[in-house]
Amino acid sequence: MISKLPKWVEFGGCYLAFLAGSVNAIGFLGFKHQAVSHLTGVSTLLGVGLAQMEWQISLHLGLIFLSFIVGAALSGALIGNATLALGRRYSVVLLIESLFLLLSAYLLNRGIEIGHFFASAACGLQNSMAMSYSGSFIRTTYVSGLFTDIGLMLGLRLRGVPVDRRKMILYSLLIIGFISGGSMGSIAYTLFDFSALYLPASMAALLAAIYWLYRRKQYQ
């Protein structure tokens with residue numbers, strides 16, 4: 001049951017969703033309307049590019065895919081398991097995500113498109129941190145599944161099936177965090193162009209420090 005999750009999950013999940021939402025908004029506005037926190041839209045663009053024989057665009061989108069996979073693989077290698085557990089190297093993964101976003105901002109501000117791939121790898125890192133606990137999945141980089149789960153729970157409630165209130169609250173917070181992050185990312189991009197990526201980069205580094213201190217306190 002999701003009710004067995006640690007109390008910090010709501011805060012951490014909402015925080016990460018806000019971070020991902022801001023990166024996705026910056027990506028959408030600055031990367032030729034490409035979503036970067038998930039690959040559904042990119043898959044559609046790749047299909048269109050291949051159908052229209054736009055090989056340069058298709059190659060670029062293919063490298064976006066590859067970068068996302070490399071980031072996810074790196075996260076998996078460092079954490080070692082998708083199951084939520086105190087003591088795993090989440091702080092290390094978050095620091096690498098922060099570094100990738102810093103590199104992305106630096107390169108894109110200089111017109112170097114390789115920065116796109118670092119942003120995608122950063123999202124792959126965070127997406128691979130998706131934690132499972134007792135069959136419940138917690139995703140922070142996209143919300144389509146969350147809306148589906150909330151709709152399913154409401155439908156089951158209409159049939160008289162009890163709703164897991166904590167799961168409903170958690171998923172709602174993740175959605176609110178992602179949308180709020182998108183708003184902040186949009187405003188930041190309007191004001192600072194690709195330097196807006198320094199915001200989620202700083203957030204990832206801050207959360208890494210908070211988690212490291214929390215874990216240290218728990219083991220004292």
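This is a predicted model: local features need pLDDT of at least 70, side-chain atom pairs count only at pLDDT 80 or more; totals for chains, interfaces and linings use all residues.
## Overview

A residue is called buried when its relative accessible area is under 20%, exposed when it is over 50%, and partly exposed in between (1.4 Å probe, protein chains only). Residues are numbered from 1 along each chain as its sequence is written, and side-chain values use heavy atoms, leaving out hydrogens and water.

The chain holds eight helices and two strands (DSSP runs numbered from the N terminus: H or I of at least four residues for helices, E of at least two for strands). From the N terminus, the order is α-α-α-α-α-β-β-α-α-α.

## Helix α7

Let's look at α7, which covers residues 165-192. Its 28 residues reach 40 Å from first C-alpha to last, close to the expected 40 Å (1.5 Å times one less than the number of residues). Buried residues in α7 include Gly177, Gly181, Gly182 and Gly185, along with Phe178 and Tyr189.

Just after the helix, Asp193 has a positive phi of about 55 degrees.

Where is Leu63 found? Leu63 sits in helix α3, residues 55-79, and is partly exposed, at 33% relative accessible area.
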